[in-house]
Amino acid sequence: MSETTMTMSGASEPLKFHLEGEHHVENGTLLGFWLYLMSDCLIFACLFAAYGVLGRDYAGGPSAAQVLELPVVALNTTLLLFSSITYGFAVLEMQQNRRGPMMAWLVVTGLLGAGFIALELTEFSHLIAIGAGPQRSAFLTSFFTLVGTHGLHVTCGLIWLVVLMVQVSKKGLIPANKRRLMCLSMFWHFLDVVWVGVFSFVYLMGVLP
Amino acid sequence: MSEHIEAQHGHDEHDEHDGVSQVHATLKGYLRGFMLAAILTIIPFSLVMTGAFAKSGPADALILFLAAIQIVVHMVYFLHMNTKSEGGWNMLALVFTIVLVVITLSGSIWIMFHLNDNMMPAAMQDPRNLP
């Protein structure tokens, strides 16, 4: 504003309506990925809302307190939290440009994530085996949709992790790979944030009397 | 906060255009976040698993409160959120999302709760009143 006024009063240089110091957002990719995560957040909000509405509609079937096993969930939560911190260690190694240790931490992260998925699939198959599948009641439908969508995200994260490890081993820690690793870092930590909501809202509050 | 954000500098001053150099994670930050998250996870799990809660009302509130704190911890220490990152656009998007999430959740639960109440007339619930 003041610059424009000065230019007009000075009249020595042509009139301009834009600021010279303007520049692009430096890391547009990370901002864009953040916006994707926020839209993903809305998907989960809708699923949480559906569970909040339907979570107590048992239709004569098993209730949450009867079918949900907290020790399994506690173990699952531990795995996911540890995988978050190990990915953090991988990012730290990436900043130091140490490829070997970074890959090692990524492997650990992947194994913890795979353990999480394995436990969740075991839980799901157990539920279906005892007749508490997604078609049994509105509670189980919303439960399987919410927890399953989160599990699907973690699975996609694992695939992405493996792809990135292949890329890093082929091309090294080039700027493009670092950018991708930072995007996956945000994705992975975001999934842990969603899981905090899941274990609190679905499991812990579900088994309360 | 030990993260160093370089928000205001021109294109010529830095060699990488990947933007990764702008976020500097630290070991201390990750460990602190991990410890806080672990504590905030252990408290509600132990309370529920030992059966310390007799009634669900206050327990629900406590669990949701601890979850909210833990989400903030994750955002700050793991996702490196602050008001400066991306020139504030990250925070703006987050605030907008939180508004939408709150409307979606509270609106759905509130409306559907009353709808459930209203859909079933009191007279219908008692079989003796059925025609």
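Predicted model: local features only at pLDDT ≥ 70, side-chain atom pairs only at ≥ 80, totals over all residues.
Conventions. I number residues from 1 along each chain as its sequence is written, and letter chains from A in the order in which they are written. Local features need pLDDT of at least 70, side-chain atom pairs count only at pLDDT 80 or more, and totals for chains and interfaces use all residues.

Chain A. I then took contacts (heavy atoms within 4.5 Å) with a separation of 6 or more: 77% join residues 24 or more positions apart.

Interface. I found 53 residues of chain B in contact with 51 residues of chain A. The buried area (accessible area lost on putting the two together, 1.4 Å probe, summed over both) is about 4600 Å², and carbon and sulfur atoms give 77% of that. B:Phe45, B:Leu79 and B:Glu86 supply 13% of the area that chain B buries against chain A, more than any other three residues.

I counted zero salt bridges between the chains (a side-chain nitrogen of Lys or Arg within 4 Å of a carboxyl oxygen of Asp or Glu).

Elements. On the side of chain B that touches chain A, α1 (27-49), α2 (56-78) and α3 (89-119) each supply at least two residues. α3(B) gives the most, with 12 residues.

Conventions
Heavy atoms only, no water. Helix = DSSP H or I, 4+ residues; strand = E, 2+ residues; numbered from the N terminus.
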